[in-house]
Amino acid sequence: QAHCSSCVSYHPIPRAHLVQWQLVSMRMMFLTSFAVFLSFGQGAARETCEPGQAERERSLLQQKAATTLVSSEEFLHGPRLHGLVDFNPEERPEEVQSKDTSLCEEDIFARPELCPAGCPYAAEMKDEFCHFRCVKKQECGLLGTVENATIPDDRLMVCRHCNVEGCLHCVPAAPGQKGEKLEHCRQCMPGYSLTEEGECEMQGLGFFVGTAVVAVVAVILVIVWYVRVASKPCVNPEGVAYGFECRDRMRLTEGSTGNVYPLSTNLLQCNVAGPGTTALFRYQFALLVWASTLLLVWFGFVLFVSSDLLILGNRAAESPQMLCAIIEWGHHRQMDLIWTKVSWLCFAYVFSFAGAIFYAVQQTKLFVRANLQEATMASFAAKLEGLPPLPGAQQVEEKVKTAVTAATGHEPVAVSVAWDYGDCKKTIETILEQEMEEPEAEAHGDEPPPTGLIAKAETWATDQVLHAWHVHLEHHHISEQETKSLLNSMFSASCAFVIFKNQEAQQKAIKAVATSGVAVDHVACKLTPCKYAPEGLFWHNMGVTPQQRTGKIGMALVGLAASCAVWTFILYIPYALYMSSFSYANGDEPGEFSEGLFICLVVGSQIGLFVVSSMGAKYAAFHSEDETQKAYTMYYNAALILNLILDLALQTYLSYLQMVGVGAHTSDGRLLGSLDSFQEILESYPVQKSMGKLLFVYCWPCTFFVPFLAEPFAVQWLPQHLAQYIVGANKKIKGENAEKAFELGEMEQGRYADCIFNVILVVCIPFISPAYMALTFAALIFSHIYLYLYDTVKVLRYVRKFNFSGPEVHWLGMQLFAIPVSILAGALVFKANQMSGDGTLGSGFFKGYSLGAAACGAMVLHFILHLSVLEFVVKPLGDADEGHTSISFAEAAKTNPATYLSMNPIHCLRSKYILKHNPPQVFYAPGKEELAKTNPSIGAFYEFHGNSPKAKK
């Protein structure tokens, strides 16, 4: 209130504003009646009943006018903080030039109107915070105004600080100096070079121009290729029709009818592809409930306390006087309402932790119920580990079966031995394709070779697409003798899967050898329950030993770190240097182009990290899809979190340097550069504004929406669309190859990584000003509603048949949720400490490094507590009730073509060529159930009922 002594122009308050103030007072009376519902902030809520609260609820300028019982037009019309009604939007005060020439002799607090023509430039006073005086161009920096604000800005009509783009140390002209060049740079920021004219020029600009040119040329070439392919006549309608029929057969179908599930299927309850699928959708739905609850509670504070919570921290300032008014108002208003943030954080932390544990208990019971109610293939199988290398020329399956029977007293139905064939995986796949392909797909007339550069380039590009689809129009035919020779030369891997007649026999067999093991060739092997469904096993990786995998994991981590470094130094740092050239003050902020470029960089980095993380997880050569997805989730989240920290830290630091250079100050009038405490810098309005804007743009739409919006087009629609043209234009693509071209994609559990990272982002918002709370949570909810609906359609229509029966990936998702809850604990410590202070920057019980230690300590302690409760309280619930179903393996296998026998490629080939079964065990591929042959003596019980493209023929 002390600054109001400078306000010497007195006018009666207009009636419209008296009405507005009455409305505010009535609103406060309404809020007081609801204060009883606010438990945590009772002390703060009681303050709303004290005299003067109405003034605190108004904008800063209204407060000053009300305190002195006077008002000028400057106070009543600007700045338009929340609570002021814009009665005449066509006459914005900051765009109206005053005609009062007496203002040339006065300094006024945060005047919004333009200065009169006689002294058209607003200059900030040196010794009075947020007071401005109207001066002439040559008077900038004189008459008691800020001495280094000597640059008359004809756009803003202010005397501003020196501000050269990309400059770290800028030198302004002397007060009253005339000429065109009134500012020049002495030292540029990193990434910029100083020119002879005193300007800063971005380095490496040619690289970005060259990259853009290459990208444009590549896009043009792709468009030309697409147009040429799409313009070709369809000469192979049979191949296209067959491909679509096979595509339909690959979808998930109801076991009883064989029809596809309707899109209205409730995947929260209906088990369409194992309990793991149900858990995945419940996880997404639980996150929606979590975010919606926290948003509703926040809106409760907005409704019953103050709607200023919706704007604190994101109000734009188009002039220095507007900025300083918003800074002071925002800081004091934020401290008045900080109890609401602390109350919300208390609720958010308790609700998140308790809800996470409750959810974990329910989902653990879900898997127990699913295993008891619906017999899966894992219910009848046990994994025999520690098997010695056995040559393929022996009857290995019979040897293992005899050893298990002798050790357990329970004769297995069959044994599926894993083999070390990683080096000849492509050959095995070719043999299996020969086994399943139709004779009519073999011979077709050769087309003439392409002539001309464009035609050859088009053919090359088309061949690359076909190769990515595993479509091989010409390949070496492998004879029966070559197949037998290859199978005989193999050695078994260290494990085998033993199938028992029922679940009771499986459990008894495991208990019988729990201590002694199973002796195979005088080597004791361990018999354990199967964790993974047969559809999720990578049989070609079974020969990889734990020692080899450790080395592969290390290489994957090195590759991931290198990718992050390359992306950061080649693309992101130059962008950050460009963004840091903005002062984020007086309207000097990035425009739409800069934000669009930021979106492209963030989305591009996430796609790049997704590809690298996926490649790293597959390179590690895990034995199962679940283990691969767990590794991918951890790689991807670790890379994203590291990328986020680097992005925010680098951008904030460079922005801080630039704001210091232009003389940005805090709410108490101190220069930002004079703050020597990291805590004070972090709590200051300019830094909060910069971080808030950057974090929100990082969240929306970069991370929350854009990648998922493009996924249906890039992953589902585009491959089918291209297959239609490519297959239709080539008569050689028939049968198996047409099926591969139209093949549906695979369902993966990597969605946990997307969900967790989005939640981590949204819980970082409480550290900054309140304005972005509602926006970010609302954006998260909107995006994840879309994501839930998209995944529903994807599972029911656009992926091959799959089965997620294991809980491991879902369990990892529940463990990773400890990270956002830990961040909430840290935010609670940070904000509670801020509330414990006296309202000034850096005040509070903890100061400096002790505050960082307290916040980090709270995060670490909760993380340990969270994981401990999951491990020692929740996890045992999954083993509490050990029961078994009455269904036998023979009954279950009649309706399930995917078993540990039919999914093992080498076992199926050995059944035909080495073991001479008649009929042999047929390899199962989604959509080819009709190829299966029943043979109970070898454990093949599946009976095909229904129509298929091949059955019709």
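In the predicted model, C162 and C170 form a disulfide in which the sulfur atoms lie 1.6 Å apart. The torsion about the S-S bond of C162 and C170 is about -40 degrees, and the disulfide is therefore left-handed. C162 counts as buried, its relative accessibility being 3%.

A disulfide also joins C167 to C185, with an S to S distance of 2.2 Å, and this link is right-handed, with 90 degrees about the S-S bond. The pair connects distant parts of the chain, since C167 belongs to strand β6 (residues 167–172) and C185 to strand β7 (residues 183–188), the two cysteines being 18 residues apart. Both C167 and C185 are buried.

A further disulfide is formed by C104 and C119, whose sulfur atoms are 1.7 Å apart; the link of C104 and C119 is left-handed, with -80 degrees about the S-S bond. C104 lies in the loop between α5 (73–77) and β1 (107–109), whereas C119 lies in the loop between β1 and β2 (121–124), so the pair ties together parts that are 15 residues apart in sequence. C104 is buried, with a relative accessible area of 18%, and C119 is likewise buried, with a relative accessible area of 2%. With sulfur pairs within 2.5 Å taken as disulfides, the count comes to six.

Other cysteines were also examined. The sulfur of C530 has its closest cysteine sulfur in C495, at 9.2 Å, which is too far for a bond. C530 counts as buried at 12% relative accessibility, and C755 is buried as well, with a relative accessible area of 1%.

C530 is also one of the residues that lie nearest the centre of the second largest pocket, together with P529, K531, P807 and D879. This pocket has a volume of about 1,600 Å³, and its lining is made up of 45 residues. By class, the lining of the second largest pocket comprises 17 nonpolar, 17 polar and 11 charged residues. Several helices and strands each supply at least two residues of this lining: the helices are α10 (338–373), α15 (503–512), α18 (625–661) and α25 (808–816), and the strands are β10 (381–385), β12 (492–499) and β14 (523–529).

How values were computed
Residues numbered from 1 in each chain as written. Predicted model: local features only at pLDDT ≥ 70, side-chain atom pairs only at ≥ 80, totals over all residues. Heavy atoms only, no water. 1 Å grid on protein atoms, 1.4 Å probe; cavity = no way out; pocket = protein on both sides within 12 Å on 5 of 7 lines; lining within 4 Å. Points joined across faces, edges and corners; volume = space filled by probe spheres on them. Helix = DSSP H or I, 4+ residues; strand = E, 2+ residues; numbered from the N terminus. Nonpolar A, V, L, I, M, F, W, Y, C, P; charged D, E, K, R; others polar. Buried < 20%, exposed > 50% of the residue type's maximum accessible area, 1.4 Å probe, protein only.
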